[in-house]
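Please walk through this structure from its cores to its loops, with the sequence open beside the model.

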Amino acid sequence: MSPLSSGLLGDLDPTSDRAVFRQIADQLREAIDRGRFREGEKLPSEAELVDHYGVSRMTVRNSFSILQGEGLVHAEHGKGVFVRPRPPVRRLASDRFARRHREQGKSAFIVEADAAGSHPQVDSLEVKEEKASQDVSARLGSVRRVLARRRRYLLDGRPVEFATSYLPLDIARGTPIAEPNPGPGGIYARLEELGHRLDHFEEDIRARMPSPAEVKTLHLAAGVPVIHLIRTAFDTDKRPVEVCDTVMAADAYVLSYQLPAN
């Protein structure tokens, strides 16, 4: 029995002042929210919806466009429209930079990928010395030049994050941090080996729509925003030792925090 014949979608309200294509989008959205159409499942075809509602194909396409703009669905050429998967990765703010992970030779991304049951990869790696931007310089204590490490992160072959770390040259130059592969535990493990025991991190987070370059880099579907996070790492001498500028696909992550009540 098809989803339409099983009564999962209702009828249009001819007395409503809400446009027909928006009514259809509302019903599809509710069906997705209620789990009637599950993650990765194909929605009814244009032809099925045209027949069910007695509307034109353009009306149905306008309904799909609304849902795509909200990031709820994605279209695959020649196959149909599918419900987008929910975020697979949970970033635990209270745990992701725990020292025990570094001591086990694992970076935060690897720990999160393991928890999600996904295969992590890093590509598009670039390491070079460059002039610090005004913002990065201010965050690192007015340094003029930095070592920049740019990399893209993938889960099961899908790009989910692009990050650039900036480190003062007096710390990073001539060390494993300047190598493409800094070794087990990542650059934070190397920083601590160099005597910069990490004390705390400060993060600024905002959500926004992606630039064209970010859409291309992260293979973002229409309507999917990004999470833009800038993190500064401080050692126990209160010196800022790294600034990390990260852009994440918002449909790939849940940011999870534990906050004290006192």
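Predicted model: local features only at pLDDT ≥ 70, side-chain atom pairs only at ≥ 80, totals over all residues.

In soluble globular proteins, nonpolar side chains tend to be buried together. In this model the largest nonpolar core has 19 residues, and the members that touch the most others are L28, F37 and L43. At least two residues of this core come from each of α1 (20-33), α2 (46-53), α3 (57-69) and β2 (80-83). The largest share, five residues, is supplied by α1. To see the surroundings of one member, select L43: setting aside neighbours within four places in sequence, L43 is in contact with I32, F37, F64, L67, V73, V81 and V83. Another core lies apart from this one; it has 18 residues, including F109, V160, L218 and L220.

An α-helix has 3.6 residues a turn, so residues three or four places apart point the same way. After α5 comes G117, which has a positive phi near 70°.

The axes of α1 and α3 are 8 Å apart, and the two helices pack at an angle of about 50°. The two are therefore oblique to each other, and α1 passes α3 in a right-handed crossing. On the α1 side the contact is made by V20, F21, R22, I24, A25, L28 and R29, and on the α3 side by T59, N62, S63, F64, I66 and L67. By class, the residues in this contact are eight nonpolar, three polar and two charged. L28, one of the α1 residues in the contact, is also among the core members that touch the most others.

How are α2 and α3 placed relative to each other? They pack at an angle of about 115°, and their axes are 9 Å apart. This angle makes α2 roughly perpendicular to α3. Their crossing is right-handed. E46, A47, L49 and V50 of α2 meet R57, V60, R61 and F64 of α3. This contact contains five nonpolar and three charged residues, with no polar ones. F64 takes part here, is listed in the contact of α1 with α3, and is in contact with L43.

The backbone of the loops has some points to check. Most residues other than glycine have a negative phi, and most peptide bonds are trans. H219 is not a glycine, yet its phi is positive, about 55°. H219 sits in the loop between α9 (212-218) and β8 (226-235), and is exposed, with a relative accessible area of 57%. K238, also not a glycine, has a positive phi of about 70°. K238 belongs to the loop between β8 and β9 (240-249). Is K238 buried or exposed? Its relative accessible area is 52%, and because the cut-off for exposed is over 50%, K238 counts as exposed.

P225 is found in the loop between α9 and β8. With 29% relative accessibility, P225 counts as partly exposed. Not counting residues up to four places away in sequence, P225 touches R208, M209, P210, M248, A249 and A250. V83, in turn, is one of the residues in contact with L43.

Definitions and conventions:
Residues numbered from 1 in each chain as written. Heavy atoms only, no water. Core = buried A, V, L, I, M, F, W, Y, C linked by side-chain atoms within 4.5 Å. Buried < 20%, exposed > 50% of the residue type's maximum accessible area, 1.4 Å probe, protein only. Helix = DSSP H or I, 4+ residues; strand = E, 2+ residues; numbered from the N terminus. Contact = heavy atoms within 4.5 Å. Axes fitted to C-alpha atoms, helices over the stretch in contact; angles between N-to-C directions. Parallel < 35°, antiparallel > 145°, perpendicular 65-115°, else oblique. Left-handed = near helix turned anticlockwise from the far one by under 90°. Nonpolar A, V, L, I, M, F, W, Y, C, P; charged D, E, K, R; others polar.
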